[in-house]
Amino acid sequence: MAEYQDVIMAGFGGQGVMLIGNLLAQAGMEHGLEVSFIPVYGAEMRGGTANCTVVLDSHPIGSPLVREPLSTIVLNEPSLDKFQPRLRKDGVQIVNASLIREELLDRKLRSVYIPANDMAHELGNVKLANMVALGAWLKATGALPLTAVREALKRVVSAHYAKLIPVNAQALEVGYSFG
């Protein structure tokens with residue numbers, strides 16, 4: 001497990017970026033880490049890009065603001081355009097190959113190019129792409145154990161959607177296996 005990790009997660013409004021940010025923050029707290037979670041709301045909820053930042057650390061977090069992230073999860077091209085230039089040179093980006101053309105990737109950066117939407121579709125619901133991408137991020141960064149995030153699903157997913165927890169856990173595992 002990494003001592004410090006930060007990630008900016010971004011995609012279209014409705015792709016579940018805030019859900020995976022909240023899930024990661026919850027899992028980090030339950031795993032005994034200091035956590036910050038900053039969601040960015042606005043016109044994003046109407047189809048623009050939405051993003052959030054999560055910081056995990058074993059020490060108190062000095063600032064929750066992240067200018068040059070260690071990692072990113074980008075689910076669409078506008079998010080890649082915005083956050084790829086900010087990624088630290090030693091960082092890693094999880095890139096949704098289903099919606100982002102490979103030639104847009106900066107070859108100097110470490111990228112996990114994963115067909116998240118296609119993999120989610122194979123699981124029966126394209127809305128699981130966020131969980132597939134988060135699973136790949138967990139594998140690529142080692143920030144938290146997969147089991148910790150799977151457990152936190154029970155506290156992040158509302159009771160109304162509790163029946164979807166098993167398939168969300170499966171999507172995390174599929175992404176983790178790919179990563």
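1. The largest pocket holds about 400 Å³ of space. A pocket here is an open set of points on a 1 Å grid over the protein atoms alone, where a 1.4 Å probe fits, with protein on both sides within 12 Å along at least five of seven lines. Its lining comprises 15 residues, those closest to the centre being Leu 19, Lys 127, Tyr 161, Leu 164 and Asn 168. By class, seven lining residues are nonpolar, seven polar and one charged.

2. The model is predicted: local features need pLDDT of at least 70, side-chain atom pairs count only at pLDDT 80 or more, and totals for chains, interfaces and linings use all residues. Residues are numbered from 1 along each chain as its sequence is written, and side-chain values use heavy atoms, without hydrogens or water.

3. Ile 73 is in contact (heavy atoms within 4.5 Å) with residues including Val 7, Ile 20, Ala 133 and Trp 137, not counting residues up to four places away in sequence.

4. Gln 84 lies in the loop between helix 2 (77-83) and strand 5 (92-96). A polar atom of its side chain lies 3.0 Å from the backbone nitrogen of Asp 106.

How values were computed. 1 Å grid on protein atoms, 1.4 Å probe; cavity = no way out; pocket = protein on both sides within 12 Å on 5 of 7 lines; lining within 4 Å. Points joined across faces, edges and corners; volume = space filled by probe spheres on them. Nonpolar A, V, L, I, M, F, W, Y, C, P; charged D, E, K, R; others polar. Helix = DSSP H or I, 4+ residues; strand = E, 2+ residues; numbered from the N terminus. Polar contact = N/O pair within 3.5 Å; in protein donor to acceptor, adjacent residues only side chain to side chain.
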